Structures are given as C-alpha cells and as structure tokens.
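User: I'd like to learn how to read a few features off a model like this one. Could you walk me through them, general idea before the specific case?

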Amino acid sequence: MKSELIKRLLSSIILIPVALFFIIKGSLLFTFFMIILFIISVYEWNCMSNKKPYKIPGYFFLIVSIYFSIILRGNTDSELYIFLVTILICVSTDIGGYIFGNLFKGPKINKTISPNKTYSGSFGSYLLSLILVYFFSKYSFLVDSALLNSFGKDEFIFVLLVSTISQIGDFTISFFKRKSKIKNTGSILPGHGGLLDRIDGMIFALPFAFIYLNFNTNF
C-alpha cells in the first residue's frame with residue numbers, strides 16, 4: 001500500500017504539470033493532447049469491453065466526451081478558467097473521497113459496484129471540491145471583473161452538480177471493470193492503473209459542464 005502511494009505521488013508530480021501545460025497552451029497543442037488521451041482511452045476500453053454488447057456505445061461516448069471537452073476549453077481566458085474549475089472539481093472529488101473514505105470509513109454506497117466507496121467519502125468529495133473551488137475563484141489570476149470573482153449560489157450549485165457527475169462517472173467505470181473482472185483499466189500510470197481509472201469522472205463531468213453552462217446564463 002505504501003509503495004503504491006509513493007508511485008501515485010511521484011507519477012502525479014510528473015503528470016499534473018504536463019497536463020496543465022497543454023491545457024493552458026490551448027489551441028492545437030491542447031487538441032493534440034486530447035487526441036492522445038482519446039487513443040489511450042479507446043485502447044483501454046477496447047481491452048476491457050472486448051466482445052461485450054456495450055463496446056460500440058463506449059466508443060461513441062468517448063468521442064462525444066473528447067469533442068465537448070475540446071469545445072469547453074475554447075481559446076479565451078474565461079473558457080480556460082471554466083475548464084480548470086471543472087478539472088479541479090473532478091480532482092478534488094477524487095482526493096476528497098479517498099481521504100474521507102479512508103479516515104472515517106462507514107457504510108458503503110454500493111458494495112456490488114464499488115466496494116470501497118463510502119458515504120463519508122462522498123461527503124468529503126463535495127466538501128473538498130467546494131473549498132478548493134472557492135479559493136481558486138477568489139485568488140486565481142484568471143479571474144477578472146467579467147468572470148467569477150465571487151462565489152455565490154450559482155457557483156455552489158455548479159460545484160455540487162459537477163462533483164455528483166464525476167462520482168457517477170467513477171461508479172460507471174467501476175461497474176464496467178467489475179463486469180470485465182479487472183481491477184484497473186490498464187497499467188500505463190504507475191500507482192494509478194490505467195488512464196480511464198484517473199479520468200473516469202472527467203469524461204462525464206466535462207461534457208456535462210459544457211451543456212450545463214450553455215443552458216445556464218447566470219454562471
């Protein structure tokens with residue numbers, strides 16, 4: 001367990017700056033980065049869903065997810081800010097769930113789908129997401145008077161909704177992993193497993209964020 005945690009921390013130290021570089025650069029570099037992620041994701045999905053009836057719908061979903069993610073990033077500072085907020089919520093949801101779930105344990109949400117997910121972990125996901133997005137909205141250099149320089153009701157609702165969708169994404173990939181009788185979607189990321197193990201919430205949350213923000217003009 002300790003060695004796996006060290007591997008996870010070391011790989012995160014390398015991966016996070018690389019991902020941020022492509023996200024902040026945007027334009028063709030970001031599109032190239034997303035295409036690479038798409039190819040790896042499709043490969044992992046193909047391996048875990050081989051000869052399963054949901055294989056083709058999974059391909060379609062990944063295409064839609066990557067497409068909306070690229071559109072959500074856009075090319076402006078405001079679009080970059082929204083994209084980073086969405087990513088921050090997903091990462092906070094993952095970390096908050098892991099920390100609170102291990103500290104407080106308690107009742108499981110659904111043992112058959114994901115035996116390690118607890119209600120305390122879900123609460124931690126929401127709490128950490130709200131805290132980190134609050135500080136990001138207050139102190140990010142990307143925020144100006146035309147953006148989110150306050151954290152109000154609309155932002156609160158957005159964080160809760162995106163965190164919920166991210167958790168649903170986590171459960172969904174866990175469900176398909178159990179159906180495929182595998183622990184991880186791959187082994188490309190030391191300490192993490194496969195790429196889909198890490199972006200399971202994001203591939204659901206990013207398209208949701210784009211659709212939600214296009215129907216909600218208050219945000």
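User: Let's start with disulfides: how many are there by the distance rule?

Analyst: This is a predicted model, by the way. The general idea is to look for a pair of cysteine sulfur atoms within 2.5 Å. Here that rule gives zero disulfides.

User: Next, backbone angles. What is phi at serine 27?

Analyst: The thing to look for is a positive phi in a residue other than glycine. Serine 27 is such a case, with phi near 55°. This serine belongs to helix H2, which covers residues 27–48. Serine 27 has 45% relative accessibility and counts as partly exposed.

User: Where does lysine 51 lie, and what is its phi?

Analyst: Lysine 51 sits in the loop between H2 and H3. Its phi is positive too, about 65°, though lysine 51 isn't a glycine. As for cover, lysine 51 has a relative accessible area of 77%, so it is exposed.

User: Now helices. How do I read the length of H8?

Analyst: Compare the end-to-end C-alpha distance with what you'd expect at 1.5 Å a residue. H8 spans residues 202–215, 14 residues in total, and reaches 20 Å from its first C-alpha to its last, close to the expected 20 Å.

User: Is H8 mostly covered or mostly open, and what does the covering?

Analyst: Start from helix geometry: an α-helix has 3.6 residues a turn, so residues three or four places apart point the same way. In H8, 10 of the 14 residues are buried, which makes this helix mostly covered. Among the buried ones are Met202, Phe204, Pro207, Phe210 and Leu213. Their cover includes helices H3 (55–73), H4 (77–104), H6 (153–179) and H7 (195–199).

User: How exposed is leucine 127, and which helix is it found in?

Analyst: Leucine 127 is part of helix H5, residues 119–139. Its relative accessibility is 32%, so leucine 127 counts as partly exposed.

Terms used: Residues numbered from 1 in each chain as written. Predicted model: local features only at pLDDT ≥ 70, side-chain atom pairs only at ≥ 80, totals over all residues. Heavy atoms only, no water. Helix = DSSP H or I, 4+ residues; strand = E, 2+ residues; numbered from the N terminus. Expected span 1.5 Å × (residues − 1). Buried < 20%, exposed > 50% of the residue type's maximum accessible area, 1.4 Å probe, protein only. Contact = heavy atoms within 4.5 Å.
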